[in-house]
Structure formats: structure tokens, C-alpha cells
Amino acid sequence: MTPLGAMVGAWLPERTAAKLAARGKKPNALVGHPPPPIAGDPATARRLVGGVLLFDGRLVESQDPTPWFLTPPDDAWAADLHGHGWLDDAFAAEDPKVWAHLSNWAWEWLENFEPGNGPGWRPDLVARRLTRQIAYSAELLIGQPAERSRLFFDALGIQTAFLEWRWQHAKQGVQRLEALSGLANALISLRGTGRATRQAVKRLGKMAAQIVQPDGAVASRSPEDLAQIVSLLEWSAVGIEDAGLKPNTDHLKALQRAAPALKTLRHPDGSLGRFHGGRAGNSALLDRLLVQVSARALAPVPSGPVMGYARLTGARTFCILDASNSPTSPYAATAHSSALAFEFSAAEMPMIVQCGSGMGFGERLARSSRRGPSHSTVELADHCPASVLRSRSGRHEENLAVHGHVMARTSRDDRGSWALCESSQYEEELGLVIERRLHLSANGEQLEGEDTALATSAAGRGRMARVFGKGKPPCPITVRFHLHPRVRAKLALSGRAVALTHADGSRWIMRTDADRLEVEPSLYFDETRPKPRATLQIVASSDLLEYWGRITWSLDRIPEGAQPG
């Protein structure tokens, strides 16, 4: 493609760009077919063949042999389907019947969706689909007639030309990196694309340098985004090297920074911290990814906060605390109001969690999952310090707006790990600043917390007096602890504590000096299930006196055979 053609195509609407791409020169051969970035799941493939179509957390059950003309429950479900990630699952199943069924979906897509038709012409989706079509080209083409072979190679050429025009119009961050890495993969795999390939490799390095910050962080502050970026950078680097080329220096340096940061945001069971729309991820796939990346000269694992998260460790116990401001535009559309929220895991047992992302479970839950009460944090007067603003583009672009700042300092000594955190996100509205102090013992068997709300200035006290003045209800300070579904909880010690029992049999007890202590229902959003999982939360609250209030609490492991007391 000429530079002028690429420039013109970049300004065209996606459907028009796809239709014009169909007029270009088509390839007739592949010089390679690199594997896709991730391995598939055989169980998922078998469920799909059985008519259980779970995409992006939404379930559609159908006995129709083709999914392409079903009415999708939402745009995200349709996008997941059109990305062709299920080809990974079909290949992983190693079952001829499963492969025959699901590979037929790929041919039906090629035969029914002309360039620009259907919801699958978003740059990142085109890259995802093109990557799978190339990866499984040998399996897809075996035994097919000549007309299908022509159809297949025409589709590869059209999608590659489309990406050359439109990759820079993908959303900033993971989607844009996926679009450009998919383009580079396609150009490496198709015959006669040398100059364009070198240009794509150079652009990929430049983008990697922009996305991965000097400390290995990414601007969305989503641990899952960081994992996807590491995966894409490693996969594309391997593909470039296998083609006899060298990845750009910026590409490799970005990967060397990002991988150590990713290691610090995992719990002992290998799952990721579920913050800012990020999901827990597949721990086995993450293990394999980090083993593969470890062959490169990685930067040292950071010792302080990483990507705005403070970490406390004691033996095999781990606490991850959100100790920075929420992401801003363009990542405000996926940000959560989770300042000072934490997750706590003992060994491989998740105990205290966030509700997670409600995307895929309906608009109401998607919205509520982003607000403060869905996180294990401190709240004041049932207010949320963030507002969720609906943008012009509709329900999937509701931007979180947060005022104030969040900061943390961490330290470690022979007694354990410490974190001192502060949030002024309530100060503008209520005049109050929140301080959270956490201490995790060196043996990992006690987590102590002290949560304080106070008006630190005359202006703050005046603002608080106007909101909670004479004749008005007092200001409550509330601390929430959302529990993993595998944890049972009940009030103990005459309602002054909560006894916790994990499914593995380990027991813990939470004590607090709060005026009110309750165990209430909660939800746990799991992207691998079609419905939210029921769970519990501990809610401790007290009223502020004058301009100050505090709740202290501790979570202690009960030795085997001992009784709580």
C-alpha cells in the first residue's frame, strides 16, 4: 500500500475503509503462521459445541449450528464472537468433531460477512480475527476446494489492508496495541510485504514505549490490561524474531519494564488484583507467560508501590492496596471508585476482595460495580466520592470523575509490612480527609487496620458543618470488607466480631471497635460464569464526633484447634 493510500484510508469510516480494502491486491500464500498469543480452553470449546455460548460474561443458549444470525445480548458479546478467539479453544480441544463444528463457524463468517458488514470491523477485532485465521490456516484450508482457498486469502488481504489504514483509530492502550501487533503479525506471515513489515515493527516499538511507563505501569491502572500488554509484546517479539528480524529496541525495553511490574500485582494463587475493570485472569496462562518472558533481561522487581498499588507481604500472605488516583480520560470509562480499597489473600486462599467488574451482567450492575460500596474500602455518609458521567457515545462510555488526591507510603521491618495512605477525595464535598493505616505481620497471620476521617483545615470544618450541622444526622464512617464466595462469615462474641471460615478449613476472626458491625449480602462478578456469585460482606460503621472519627480493626488467623476469643 502506498503512503498516500494509507493516509487517505486512515480518515475513512471503518465500513468504507473495509470496502475499499477489498479492491486492493490479494495475497496468495503464507510464508508462516505464528501461533496466537494465548492457548485455548478445551472445556470452553465443548460448551460452545453444546450450544452454551458464553462471551464476555453473557450467556446465550442455542441449538442453532451457527451463531452468526442470533440476536446478541449486547455489543460486547457480539465483539467477542466476531474476534474468533474461540478458534483457540477449538484447536486446544484436539477433538476432530469439535474442530469440525467450530471451524465451520469461521467459514460461515467468511461467506456471510462481506468487508464492512457486521460488528466485527473494529481494528482490534480485525487484528484478533486475522491472527487466528493465520495461526490455524493449515487446519482451516486442509481439504477445502479452490474457491474457498481464494475466499480465505482474499479475506486475509482485505483485513491486512484495513489494519494498515485503521490501526491508529483503535482505542488507546490495549486495543491499539492489539491492532498494531496483529498487523505486524499479518505482514510477517504474508508473502512480499518486506517494507511494510519493517515499518510496522518500528511503529510497534514506538507504541510500546508510549504505553509502558518508565516504572512498568500502564495508564489504565488495570492489572489485567498490563497482563494483556505483556502478552502482546512477548508474542509479537517472538514472531518478529522467528521471521529473522529484530524487534525494535523500544519494544524490548518496554517488555523488560512491564513484566516485573506484572509479577508484583499477582496474589499467591496466581490471580491478578481485580481493580479498575480488570479481571483475575487465568493463573496458568499467566504462569506460562512469565516463564517465557523471564528469558529476557528483565528489570529488577520494584520494591515500592507499583502502578499506584501498595503491597504488603508476610510469609505467604499478600495484601494489594489501591493507593493512587483513579485513571483519567481516556481510561475514565473503565475506572472504578476504589481509592484505598484492598484485596487480601492467605497462601492460595483469597479472603477479602472487590466485587469486580459488572460489565457483562447488565447496565445496572456494570455501573454499581464501579462505585465505592462495591469495594473493600472506607466511605463517608453513604456518599461516593466519584461521579459516573454518561458520555455522548452511550452506556459503555460512562466516565468516572474523581476530585482530590490519593497517596501512600510503605515500609517494612522485622515486625512486618506497613502502609500509611491518605485520600482527599471527600474533601471538596464533605470537608473530610481519610487516612488508612495497615500493618501485616511478618508471619502473615494478622492484618491490622486503622481508618480515620477528619477535617484537617478550617475550610474543611466549615464545609462539614454545613453538611452535618445542627439538627442534621451525624456523619457515619463505614468500612466494608467484601468476602470471596468461598469464605463463610457469621457474627461472633456477642456481635463484637465476625468469625470467618474458608472452604479449605482455615479460620480467621475479625474484631473491631466500630459502633455497628453487620454481615450483609454482596456479589462477586466472575467473568467465567453467566451470573454473579452470591457472597457476603462485613460492614463496620461509627458516627463522627465533632470533626473526627476512627474505626480500628484486626483480622487474625485462629490456630488449629483454638477457639475464637
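**Entry 1: overall build.** I started with the secondary structure of this predicted model, and the protein chain has 17 helices and 20 strands. Next I looked up its radius of gyration: 26 Å, close to the 24 Å from the globule rule for 565 residues, so the chain is as compact as a globular protein of that length. I also took the box along the principal axes, and the C-alpha atoms fill roughly 80 × 50 × 45 Å.

**Entry 2: burial and contacts.** I checked burial and found that 53% of the 565 residues are buried.

**Entry 3: aromatic pairs.** I found 19 aromatic pairs in the structure. I picked out phenylalanine 342 and phenylalanine 481: the ring centres are 6.3 Å apart and the planes stand at 70°, so this pair is edge-to-face. Phenylalanine 342 belongs to strand β5 (residues 342–346) and phenylalanine 481 to strand β14 (residues 476–483), so the pair ties together parts 139 residues apart in sequence. Both partners turned out to be buried: phenylalanine 342 has a relative accessible area of 0%, and phenylalanine 481 comes in at 1%.

**Entry 4: a ring cluster and two charges.** I followed the ring pairs to a cluster that links Trp68, Phe69, Trp86, Trp105, Trp109, Phe113, Trp121 and Phe162. Tryptophan 121 came up again, as the charged end of arginine 129 sits over its ring, 5.3 Å from the centre. I noted another such placement at tyrosine 524, where the charged end of arginine 274 sits over the ring, 3.9 Å from its centre.

Notes
Residues are numbered from 1 along each chain as its sequence is written. This is a predicted model: local features need pLDDT of at least 70, side-chain atom pairs count only at pLDDT 80 or more; totals for chains, interfaces and linings use all residues. Side-chain values use heavy atoms; hydrogens and water are left out. Rings of Phe, Tyr and Trp (its six-membered ring) pair if their centres lie within 6.5 Å; planes under 30 degrees apart count as stacked, over 60 as edge-to-face and the rest as tilted. Helices (H or I, at least four residues) and strands (E, at least two) are DSSP runs, numbered from the N terminus. Buried means under 20% relative accessible area, exposed over 50%, partly exposed in between (1.4 Å probe, protein chains only). A charge sits over a ring if NZ of Lys or CZ of Arg is within 6 Å of the ring centre and within 35 degrees of the ring normal. The radius of gyration is taken over C-alpha atoms; the globule rule is 2.2 Å times the number of residues to the power 0.38.
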